Amino acid sequence: MATYRKYKLTDNVYLLRLDDADTRFFEGIWPIPEGITYNAYIITTGEGSILIDGWKREFSSMFIEAIEEVTDLRDIRKIVIHHTEPDHTGSLDAVLRALGNVELLGTQFAKSMLEAFLGKSLPNFKPLKDGEKITLGDVELTFIHTPWLHWPDTAMTYYAEKKILFTCDAFGGYSIPRTVIDASEDIVNEYLPHARDYFANIVAKYSQHVIKAVDKLVSMGIDYKIVAPGHGLVWVNRPDIIVKSYLAWARGERFGGKFKVVIVYSSMYGNVEKMISSIVERLEGLDIELKVYKFTDKTHDNISDVLGDMLDADLIILGASTYEGALNPLMEKIVSSICSKFKGLRKRFIIVSSYGWAASADKELTRKLTDAGMEIIKNITYKGRPGRDLLEKASEDVVKVIRDIRGA
Ligand SMILES: Cc1cc2nc3c(=O)[nH]c(=O)nc-3n(C[C@H](O)[C@H](O)[C@H](O)COP(=O)(O)O)c2cc1C
Ligand SMILES: [Fe+2]
Ligand SMILES: [Fe+2]
């Protein structure tokens, strides 16, 4: 079910938030049982309104309805497009049909991509230069190019008088938070893991661009008090939390919390699982955060969470058996996501693998992770089912690895 909320951020700035509980796989790929929101904004002025971004196409008629609760649709004079991915521009078709010749504003990339997505030329689309002003009535906005967050077309807009930074995908997150703003510590703590999963799935490959964009905001002296993204919470009380979290994730670091170990494994008949269970049992006594994800004949865990939890882990243990002369295909998929999205983060790994007649899973894992610049600290590979001695020794070895990292 999808519903929407309208929220007055300041005297003339409104949030229109669509709560999408229907989309089960974001981008058709990433499982999101927690749902997602699309945040659009309206700034009213004495001479009409400015619309910032939009919703997914299937919610177009609700979008028009929501706009009309704030302003007469015909009063919209300008539409700012920060990013052309259809989760923010799908509803534009319906808006343009109703409005005709309204002015569209965005980057040059956005113009060409939007024309391709909508299948028509947009003569009223005015590409904006970096730093260019958008003015209407007594409102002045600054358009800031922040490319590759996570497409080439992305930008932000700063409303200096109200100190609001509209950021679209950047600083966004999954889930349908109970409130629209960061109303309490509980709300923020509940939301941050969903924002981290979103970062890992959608933004992480472009981490260097996140760091660049934040540096740019600082060097431009952008003194924001409100961060207003295209997904998730609007940060009115503690915008520093989401910005610092994004920076930590872009560096592959934890934002607070205990030493974190994430274990992800696949096991067809339990031979890898036996070793993992022994390691888990040994680690449970330590003062660490331990997350375990599995892909077995009983359970397939959520891959969005797997990547999110790996992103800020201090140590990752990957377990996979040999399959048709290569690596178990479920782990292959996870490992290629890690190697593509977390390239350059130099995460630390321990590999656990089992084989029947000729080991190859560990070699595949080693090759892929090493090529992506990851560090492999230990390789625990064995034939068939692990015996008691091996289980004990391997578990102690893992504890020693953790001690060494923490002591370093
Ligand atoms: C469909 C399938 C394909 C396999 N392919 C290979 C292989 O190519 N080479 C090999 O050494 N073992 C292969 N094995 C054996 C497993 O790697 C081995 O039994 C391992 O211990 C299984 O661990 P698991 O039960 O945790 O998945 C295969 C097993 C299955 C079920
Ligand atoms: Fe996007
Ligand atoms: Fe988005």
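Of the 408 residues in this chain, 45% count as buried, where buried means that 20 or more other C-beta atoms, placed from the backbone, lie within 10 Å of the residue's own. The model is predicted, so local features need pLDDT of at least 70 and side-chain atom pairs count only at pLDDT 80 or more, while totals for chains, interfaces and linings use all residues. Residues are numbered from 1 along each chain as its sequence is written, with chains lettered from A and ligands numbered from 1 in the order in which they are written.

Next, the core. The largest nonpolar core holds 115 residues; such a core is a set of buried Ala, Val, Leu, Ile, Met, Phe, Trp, Tyr and Cys residues joined through C-beta atoms within 7 Å. Helix H5, residues 185-203, supplies its largest share, eight residues. Helices here are DSSP runs of H or I, at least four residues, and strands are runs of E, at least two, numbered from the N terminus. Domain 1 (2-250) and domain 2 (260-407) both contribute to this core, so it lies between them. The domain bounds come from an automatic or database assignment.

Ile-317 is among the core residues with the most contacts inside it. Leaving out residues up to four places away in sequence, Ile-317 touches Val-261, Ile-263, Ile-279, Ile-350 and Val-352, a contact being C-beta atoms within 7 Å.

Last, the ligand. Which residues are closest to ligand 1? They are Met-268, Asn-271, Val-272, Ser-321 and Gly-356, out of 18 that surround it, each with its C-beta atom within 6 Å. Helix H8 (271-283), strand S17 (315-323) and strand S19 (348-355) each give two or more residues to that shell.

Terms used:
A residue is buried if 20 or more other C-beta atoms lie within 10 Å of its own, exposed if 12 or fewer, and partly exposed in between; C-beta atoms are placed from the backbone. Two residues are in contact if their C-beta atoms, placed from the backbone, lie within 7 Å.
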